[in-house]
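Hi everyone, thanks for making the time this morning.

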Amino acid sequence: MVAFKRLAQVGRVVVLNDGLKAGRTAVIVDIIDHNRAIIDGPTTGVHRQEISFNRVTLTDITLKAVPRTIGSNALKRAIIKQGSDAAWAQTAWAKKIQQRSVRANLSDFDRFKIMRLKKQQRFIVQRQMASLKKTKSA
Amino acid sequence: MAVNKEGAQLIPGVSRLSRSQRYAKRGLFLMKNKVAVPRKASDRKAAARDEKPTDVNVDLVKALTHKKSSLYPADTLRKPKVNHKSNRPAALKETISPGSVLILLAGRFRGKRVVFLKQLESGLLLVTGPYRVNGVPMRRVNQAYVIATSAKVDVSDVTIPENINDSYFSREQEPKLKGTEEEFFGENAVKKAVPSHKAADQKTIDNQIIPKIRSQNMLASYLRSSFSLSKGQAPHLMKF
């Protein structure tokens, strides 16, 4: 039985935890030592860099047949061909990150509208629930 | 405190007297007419004309032949500093433009969302609730005490009466109180009514803006609601 499902390996897609590019994905291109790796994200705007494993989180997605120290252009082709970005966008994790950034960028008026719509939704649900309870008890 | 010459300094370079003690001792504050009376503009111009160097030789001759008055002014006259600053109205924040919805942060109507109409000559912002929507009349506010939101009302074809300027909002002179007890406790005080012409002005503005507000879904109720922060919200990290 394999204890770990996500391995730090060449081709592994990672998410950046902090900094300016927090929440974006990149691919491990080379492992420097047990603390650091070289990552590259040609499709996500993450430039090729050395990064500590503390600053990234491994995902379930791995690019197949990626050689060590693959160049940016070849990596870009591999990402597009294997559809790893699309696979990432489908995950609940990516959706949550996306949702969070949408929420953070809402305007004051948008926040107000959401508050109003949520109230309306609640009203409909609660009224329906009340009527259902009534018919059940009667 | 008598100080002889030897005792003037505690150690070389350190005076026995403090700055304020020296000031008291010198007694310069007793001098009268310390401030020079500014000359009239016409005098100043004449002086400037006289002082203008026309020819070096002429100046030299003047300097050599000029006889100084044997009388010195008894008091040292201090020239008042010339102030080169001019009061300019503050530039409008980039996020604010006519029709912007603003959140008021100070004063009676703090927390209210209002519509910005225009910037007055003093640099203050002319805003309105509108009054019929949220009870905020036309007011002047300082742009430092508002948050500009990205919400906008189309006020491009709203005409603001010419008479609405800074002096329109200035306080009317109140009759002087006699200082009686009743007055102090505000008994028999008559509540000031809004002048009818101001109410009419408010109405003309409201009537123009309200259809524009109604045309946007939920905008009227947005203006009616007031702004507040809830748990976990930090205004400097929020977008408006």
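This is a predicted model: local features need pLDDT of at least 70, side-chain atom pairs count only at pLDDT 80 or more; totals for chains, interfaces and linings use all residues.

Let's begin with helix 3 of chain A, residues 92-104. With 13 residues at 1.5 Å a residue, this helix should span 18 Å, and its end C-alpha atoms are 18 Å apart, so the two agree. How many of the 13 residues of helix 3 of chain A are buried? The count is 0, so to speak a helix that is hardly covered.

Now move along to helix 4 of chain A, which covers residues 108-137. Which ones are they? They are A:D108, A:F109 and A:F112. Part of what covers them comes from the other chain: strand 7 and helix 7 (219-224) of chain B are included in that cover.

Let's step back and look at chain A as a whole. It has 4 helices and 5 strands, and from the N terminus on the order is β-β-β-β-β-α-α-α-α. Buried residues make up 20% of its 138 residues. Of the contacts in chain A with a separation of 6 or more, 46% are between residues 24 or more positions apart.

What do those strands do together? The 5 strands of chain A form an open sheet in the order 4-3-2-1-5, with antiparallel pairing. At the edges you find strand 4 (46-52) and strand 5 (56-62) of chain A, each of which pairs on one side only. On average, neighbouring strands of this sheet are turned by 40° against each other, direction ignored.

As a reminder for anyone new to sheets, strands pair through backbone hydrogen bonds, either parallel or antiparallel.

Let's go through some of the pairs. Strand 1 of chain A, residues 12-16, is joined to strand 5 of chain A by 4 bridges, and the two run antiparallel.

Strand 2 of chain A deserves a moment. It pairs with strand 1 of chain A in the antiparallel sense over 3 bridges, and there A:V13 stands opposite A:V27. With strand 3 of chain A, strand 2 pairs in the antiparallel sense over 4 bridges, and A:D30 has A:I38 as its bridge partner. A hairpin through 4 residues joins strand 2 to strand 3 of chain A. Is strand 2 of chain A largely enclosed or largely open? Because 5 of its 7 residues are buried, strand 2 of chain A is largely enclosed by the rest of the structure.

Over to chain B. Here we have 7 helices and 7 strands, running β-β-α-α-α-β-β-β-α-β-β-α-α-α from the N terminus on. Of the 240 residues in chain B, 14% are buried. Among its contacts between residues at least 6 apart in sequence, 62% join residues at least 24 apart.

Where do the two chains meet? There are 8 residues of chain B in contact with 8 residues of chain A. On the side of chain B, strand 7 (residues 146-152) gives the most, with 3 residues. The residues on that side divide into 4 nonpolar, 3 polar and 1 charged.

Last topic: the cores. The largest nonpolar core has 28 residues, of which B:L102, B:V115, B:V127 and B:V146 touch the most other members. Elements that each supply at least two residues of this core include helix 4 of chain A, as well as strand 7 and helix 6 (196-214) of chain B. B:L102 touches, among others, B:I96, B:F116 and B:I147, leaving aside residues up to four places away in sequence. There is also a second, separate core of 17 residues, which includes A:V13, A:A26, A:A37 and A:I79.

That's my tour, and I'm happy to take questions.

Definitions and conventions. Residues are numbered from 1 along each chain as its sequence is written. Chains are lettered from A and ligands numbered from 1 in the order in which they are written. Two strands pair if DSSP finds at least two bridges between them. Axes are lines fitted to C-alpha atoms, for helices over the stretch in contact, and angles run from 0 to 180 degrees between N-to-C directions. Two residues are in contact if their C-beta atoms, placed from the backbone, lie within 7 Å. Ala, Val, Leu, Ile, Met, Phe, Trp, Tyr, Cys and Pro count as nonpolar, Asp, Glu, Lys and Arg as charged, and the others, Gly among them, as polar. A residue is buried if 20 or more other C-beta atoms lie within 10 Å of its own, exposed if 12 or fewer, and partly exposed in between; C-beta atoms are placed from the backbone. The expected span of a helix is 1.5 Å times one less than its number of residues. A nonpolar core is a set of buried Ala, Val, Leu, Ile, Met, Phe, Trp, Tyr and Cys residues joined through C-beta atoms within 7 Å.
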